[in-house]
Amino acid sequence: YERVRNGLEGEEFEIVCELKFDGLSISLTYIDGKLDHAVTRGDGVVGDDVTGNVRTIKSIPLQLDPAGDYPKEFEIRGEVLMPWASFEALNVEREKKGEPLFANPRNAASGTLKSQKSELVAQRNLDAYLYYFLCERNDNVSGHYESLMKCGKWGFKISEHIRKCKTVDEVLEFIKYWDSERKNLPVATDGIVLKVNSLRQQQHLGYTAKSPRWAIAYKFKAERVCTRLNEVTYQVGRTGAVTPVANMEPVLLAGTIVKRASLH
C-alpha cells in the first residue's frame with residue numbers, strides 16, 4: 001500500500017479486493033460477441049487451446065447479447081474451477097472404479113480441462129469466474145472494478161464478493177472476513193488479490209520484470225487439521241500400479257469432508 005502511494009506521489013487511489021480462486025487460469029477471446037477461442041496460461045507464453053472443452057462449461061457464454069455495448073474484439077481472463085460438490089462426487093466415482101483419487105479440486109479441474117473428450121468435461125460440471133478484461137481501446141470505463149461490472153451485464157460470471165477499498169484498514173477487514181468465511185464457499189480459494197482500481201494509475205505504476213506494480217496477492221495460510229489414521233489399504237489401478245491409501249476418521253478440511261487420502 002505504501003509502495004503504491006509513493007509510486008503515485010501521494011495521489012488518492014482505490015484498491016479492489018477480490019477472492020483468489022484456486023483453479024486453472026483461462027483466457028477467452030470474443031469477436032463480434034462470439035467466443036472465438038480459449039487457451040490456458042501454460043508457461044506464460046504458450047498455452048493449450050481448450051476451446052472445445054470450454055464450450056461445455058455452462059457459466060461461460062458462447063454468444064453475447066447482440067445489443068450489448070462490448071467491443072468488436074476483446075479478451076477476458078479468469079479461472080476455471082471444479083466446485084467442491086463436483087469434486088467429491090468425482091472422487092467417489094473414481095474410487096469405485098479403482099482409479100487414483102484427485103488430491104484437490106484444482107488438479108481435478110486441470111486434468112478435466114485438458115481431456116481429449118469434451119463429453120467427459122461436460123459431465124464433470126466445471127465452473128468459471130472471470131476477473132480481468134483486456135481490450136486495445138477501453139474508453140467507456142476508468143477503473144478495473146467498473147469494467148468487471150460491465151462484463152457482468154454482458155453475461156459473464158463475475159464474483160459477487162468484490163469490494164472497492166480506500167484504506168488499509170478496509171483491506172485488512174476484507175482479508176480477515178474471508179480467511180474464515182471462504183470455508184462456506186462452493187469453490188476453493190487460497191487468498192485475496194489486491195489491485196489498484198484506476199486504469200490510468202495502473203498504467204502510471206507499470207510493471208517490474210515479473211509482475212505489475214499495481215497488483216499483489218495475499219495468500220491464506222494452508223489449513224491443517226489433526227485426525228486419527230485408522231488403516232492403510234492398497235489400491236490397484238487399471239495399469240497395475242499400487243497406491244497406498246490412508247483411511248482416516250472423517251474430518252472437515254478446506255470445506256470438504258476428508259476420510260481417505262493417497263499416500264506418497
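Author: One term before we start: contact means heavy atoms within 4.5 Å. Also, keep in mind that this is a predicted model.

Reader: Good. With that in hand, which residues is Ser27 in contact with, leaving aside its neighbours within four places in sequence?
Author: Ser27 is in contact with His37, Ala38, Val39, Glu75, Ile76 and Arg77.

Reader: And where does Ser27 lie, and is it buried or exposed?
Author: Ser27 lies in strand 2. Its relative accessibility is 11%, and buried means under 20%, so Ser27 counts as buried.

Reader: What joins the side chains of Ser27 and Glu75?
Author: A polar contact of 2.5 Å.

Reader: Switching to rings. How many aromatic pairs are there?
Author: The count is 16. One of them is Phe21 with Tyr129: the ring centres are 4.5 Å apart and the planes are at 10 degrees, so this pair is stacked, the cut-off being under 30 degrees.

Reader: Nice. Where do Phe21 and Tyr129 sit in the chain?
Author: Phe21 is in strand 1 (residues 15-21) and Tyr129 is in strand 5 (residues 127-134), 108 residues apart, so the pair links distant parts of the chain. Phe21 is buried at 9% relative accessibility, and Tyr129 is buried too, at 13%.

Reader: What about Tyr30 and Phe74?
Author: They form a stacked pair, 5.5 Å centre to centre with 10 degrees between the planes. Tyr30 belongs to strand 2 (residues 24-31) and Phe74 to strand 4 (residues 73-81), so parts 44 residues apart in sequence are tied together by this pair. Both residues are buried.

Reader: Which residues do ring pairs link into a cluster with Tyr30?
Author: Tyr70, Phe74, Phe133, Trp154 and Phe156 are in the cluster with Tyr30.

Reader: Last topic, helix 7. Which of its residues are buried?
Author: Val171, Phe174, Ile175 and Trp178 are buried there. These residues cover an arc of only 95 degrees around the axis, so they are on the same side of helix 7.

Reader: What do those buried residues pack against?
Author: Strand 1, strand 6 (163-165), strand 7 (189-196) and strand 8 (215-219).

Reader: And which exposed residues are on the face turned away from the buried side?
Author: Asp169 and Lys176 are carried on that face of helix 7.

Definitions and conventions:
Residues are numbered from 1 along each chain as its sequence is written. This is a predicted model: local features need pLDDT of at least 70, side-chain atom pairs count only at pLDDT 80 or more; totals for chains, interfaces and linings use all residues. Side-chain values use heavy atoms; hydrogens and water are left out. Rings of Phe, Tyr and Trp (its six-membered ring) pair if their centres lie within 6.5 Å; planes under 30 degrees apart count as stacked, over 60 as edge-to-face and the rest as tilted. Helices (H or I, at least four residues) and strands (E, at least two) are DSSP runs, numbered from the N terminus. Buried means under 20% relative accessible area, exposed over 50%, partly exposed in between (1.4 Å probe, protein chains only). A polar contact is a pair of N or O atoms within 3.5 Å; within protein, one must be able to donate a hydrogen and the other to accept it, and residues adjacent in sequence count only if both atoms are side-chain atoms. The arc is that of the directions from the helix axis to the C-beta atoms.
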